[in-house]
Amino acid sequence: MATIDFGYNPPTGNRLLETVNPHTFVRDLQNVLDIACQSFSSIWISDHHMTADRYRLECWTQLTWVAARFPGPMLSTIVMSNSYRHPPLLAKMAASLQEFSHGRFILGYGAGWAEEEYHAYGYPFPSAKVRIAQMVEGIQVIKALWTQAPATFEGQYYQIKDAYCEPRPNPIPPILIGGDGEKYLLRAVAEHGDWWLPYSRRLDTLQHKIDVLKDHCRDVGRDYETIRKTYTLTCYLSHDRAAAERRAGAALERENPAFAGDPAGLRDYLTGLADLGFDLFQLVFPNFPETDDMKLFVDEVLPHFR
């Protein structure tokens with residue numbers, strides 16, 4: 001089996017999965033990351049400004065906090081919405097974090113989807129086709145600033161002229177593109193993505209998405225195998241499979257299903273995903289701020305993939 005990496009996707013606040021107490025959240029997050037960073041090779045922070053009126057922190061600020069306190073793991077966003085930050089500024093932010101973190105940053109990027117959040121914060125919400133086109137230009141601008149000095153780019157949505165981004169990042173962060181829309185998004189992955197993160201899917205649907213991505217790669221002359229495949233999974237893990245399934249409840253019936261079961265079942269499930277070509281998994285453990293499920297994973301699942 002190829003080497004499999006595991007990352008941890010902690011909460012940024014109340015995302016309706018974990019128990020989040022606003023009064024103790026920062027301390028709880030610190031305690032959980034103290035444990036996670038001993039075993040997981042990367043930390044992935046999600047990018048949402050709000051979940052209705054519930055407590056939620058901003059992605060980049062939290063990522064910077066993590067970078068300063070935990071010097072070991074790789075750092076990424078899962079995934080950062082192109083619409084929320086002007087891409088030339090984001091290029092500068094990313095280059096600066098790459099400098100401060102000694103080269104540990106991965107840019108997880110996407111076209112955005114949360115229409116209610118867009119409207120609440122005053123962002124325009126054009127069609128998916130336009131948002132993906134904006135994301136693609138955003139990536140082009142970012143790459144120009146990371147590799148050229150000065151950089152100039154004239155696009156439909158973004159323009160820069162004789163712009164410097166010093167220090168330019170070293171190494172240049174890989175760009176992970178999140179999403180699996182078949183007509184435009186997967187085309188963007190084939191043309192511009194170093195890594196790919198689809199939505200969580202049932203295995204037959206996921207295989208179909210892979211086949212579509214392969215078709216796009218063939219059309220643009222890209223070697224599909226050069227794209228690293230990653231996958232996010234919410235894990236309700238217990239020695240008692242039935243208890244894990246009861247806790248998961250409706251999460252097992254969604255189009256993007258969670259896993260619920262025992263360590264042996266999770267090993268088999270992850271092996272099935274690895275057989276499809278996925279070699280990095282960003283895991284969510286809903287017991288936060290408790291860590292019994294995370295420790296069970298570290299003790300009885302992780303060694304199987306080492």
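Predicted model: local features only at pLDDT ≥ 70, side-chain atom pairs only at ≥ 80, totals over all residues.
## Cysteines and rings: a quick chat

Me: OK, what about C59, where is the nearest cysteine sulfur?
Reply: The nearest one belongs to C37, and that sulfur is 16 Å away. C59 is in no disulfide.

Me: Is C59 buried or exposed?
Reply: Buried: C59 has a relative accessibility of 0%.

Me: Switching to aromatics. How many aromatic pairs are there?
Reply: The structure holds 19 aromatic pairs. One of them is F6 with F297, an edge-to-face pair with 5.1 Å from centre to centre and 70° between the planes.

Me: Where do F6 and F297 lie?
Reply: F6 is in strand β1, residues 5-8, while F297 is in helix α10, residues 292-300. The pair therefore ties together parts that are 291 residues apart in sequence.

Me: Are those two buried or exposed?
Reply: F6 is buried, and F297 is buried as well.

Me: What does Y8 do with F40?
Reply: Y8 and F40 form a tilted aromatic pair, with their centres 6.1 Å apart and 40° between the planes. Y8 lies in strand β1, and F40 sits in the loop between α1 (25-36) and β2 (42-45), so this pair ties together parts that are 32 residues apart in sequence.

Me: How about burial for Y8 and F40, buried or exposed?
Reply: Y8 is buried at 1% relative accessible area, and F40 is buried at 3%.

Me: Which residues do ring pairs link into a cluster with F6 and Y8?
Reply: The cluster holds F6, Y8, F40, F281, F285, F297 and F305, linked by ring pairs.

Me: Last topic, charges over rings. Which ring does R228 lie over?
Reply: R228 lies over the face of W195, 4.9 Å from the ring centre.

Me: And where does the charged end of K229 sit?
Reply: The charged end of K229 is over the ring of Y224, at 4.0 Å from the centre of that ring.

Technical notes:
Residues numbered from 1 in each chain as written. Heavy atoms only, no water. Disulfide = S-S within 2.5 Å. Buried < 20%, exposed > 50% of the residue type's maximum accessible area, 1.4 Å probe, protein only. Phe/Tyr/Trp six-rings, centres within 6.5 Å; stacked < 30°, edge-to-face > 60°. Helix = DSSP H or I, 4+ residues; strand = E, 2+ residues; numbered from the N terminus. Lys NZ or Arg CZ within 6 Å of the ring centre and 35° of its normal.
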